[in-house]
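Open the model in your viewer and keep the sequence panel beside it. Each stop below names what to select and then says what is there.

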Amino acid sequence: MAARSLTIVLPAYNEAARIGPALDELFGYLRRRGERGRYGSPGSAELPSEIEVLVVDDGSTDATAAIVRARPEYAAPVAGATLRLLAVPHAGKGAAVRAGMLAAAGDLVLFADADMATPPDQIPLLVRALADHDVALGSRIQPDGRDMRRSQPWLRRVLGRCFHLLASVWVVGSIQDTQCGFKGFTRAAAHDLFARQRITSIVFDIELIYLARRRGYRIAVVPVAWTDRRGSRLRARPGLALRVAWDLFRIPFLHRGIGAAAAEEVATSIGDAGGSGD
């Protein structure tokens, strides 16, 4: 059965300069409810009728939370879309995403970067994939081989290649883009995987993919549009490199006792994605 509700989780830390324009873009797309988006992309008419946008404020010290609370969508739904704010102590993006995904009430749950690097008109692509998969991973690598990450600074691209090589050999196998901040789940799969998440550094995406594979969930890789939005707080430094290497190394050991979900658990995840029915 088709999903009736969707939660979009946006982790945000000191995003006062970008959260307002990002929410303008997102709610502008959602309220149109058109059949087609820009440049022929999917329209928001494809999305479930009930949509929850959940901003997770990761202990921001700026006006991020105040900007969200001042939005009209925070006071009343707009075209079936509501805005919520979840405030958590600062613990990093991985922890903020986990808090939001576990608090999500939608039949389908996805998280996206708060700067809308992946535009809202890509959301229906994940929703389509979740019709017959449990996990949908946005990928910046296109079917023709083009890599949207080529617009990133050269140092970040080089570090990214090294990171991927290590991750693919040790943890995630053939999945080429593990770090795209645009991933979707059925509610049951999300609550199962994020409840098991132990890592909160930038490696948390890889841990989730590893867990999804171990649990036997059906995974779809979905090519999406993406634009490099400058202003990232991630800075390459020795301490970060050591933490990344340590977190990658320990993922299989943290979850060595976890096996595949039982057949009835996977069936439940499929049923939950479509709601309880009439």
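Select strand β5, residues 135–139. Strands (E, at least two residues) and helices (H or I, at least four residues) are DSSP runs, numbered from the N terminus. Show the side chains: Val135, Leu137 and Ser139 point one way, Ala136 and Gly138 point the other way, and all are buried. Buried means under 20% relative accessible area, exposed over 50%, and partly exposed in between (1.4 Å probe, protein chains only). In a regular strand the side chains alternate between the two faces of the sheet. Because five of the five residues of β5 are buried, this strand is largely enclosed by the rest of the structure.

Before moving on, note that this is a predicted model, in which local features need pLDDT of at least 70 and side-chain atom pairs count only at pLDDT 80 or more, while totals for chains, interfaces and linings use all residues. Residues are numbered from 1 along each chain as its sequence is written, and side-chain values use heavy atoms, with hydrogens and water left out.

Two strands pair if DSSP finds at least two bridges between them. Strand β6 (residues 182–186) runs antiparallel to β5, joined by three bridges; look for Val135 opposite Phe185. Strand β7 (residues 219–223) pairs with β5 in the parallel sense over five bridges, and there Gly138 has Val222 as its bridge partner.

Now select Asn14, in the loop between β1 (5–12) and α1 (19–32). Is Asn14 buried or exposed? At 18% relative accessibility, Asn14 counts as buried. Its phi is near 50°, a positive value in a residue other than glycine. Most residues other than glycine have a negative phi.

Go on to Arg33, in the loop between α1 and β2 (50–58). Arg33 also has a phi near 50°, and at 25% relative accessibility Arg33 counts as partly exposed.

Turn to helix α9 (residues 238–254), where Trp246 is found. Together with Phe249 and Phe253, Trp246 forms a nonpolar patch on the surface.

Last, color by pLDDT, the predictor's confidence in each residue, from 0 to 100. The chain averages 86, and 82% of the residues score at least 70. Over residues 267–278 the score stays under 50. Where pLDDT is low, the predicted coordinates should not be read in detail.

Key. Contact means heavy atoms within 4.5 Å. Patches are made of residues with over 30% relative accessible area and no salt bridge: like charges are joined within 9 Å, nonpolar side chains (Val, Leu, Ile, Met, Phe, Trp, Tyr) within 5 Å. Accessible areas come from the Shrake-Rupley method with a 1.4 Å probe; for residues, only the protein chains shown count as cover. A salt bridge is a side-chain nitrogen of Lys or Arg within 4 Å of a carboxyl oxygen of Asp or Glu.
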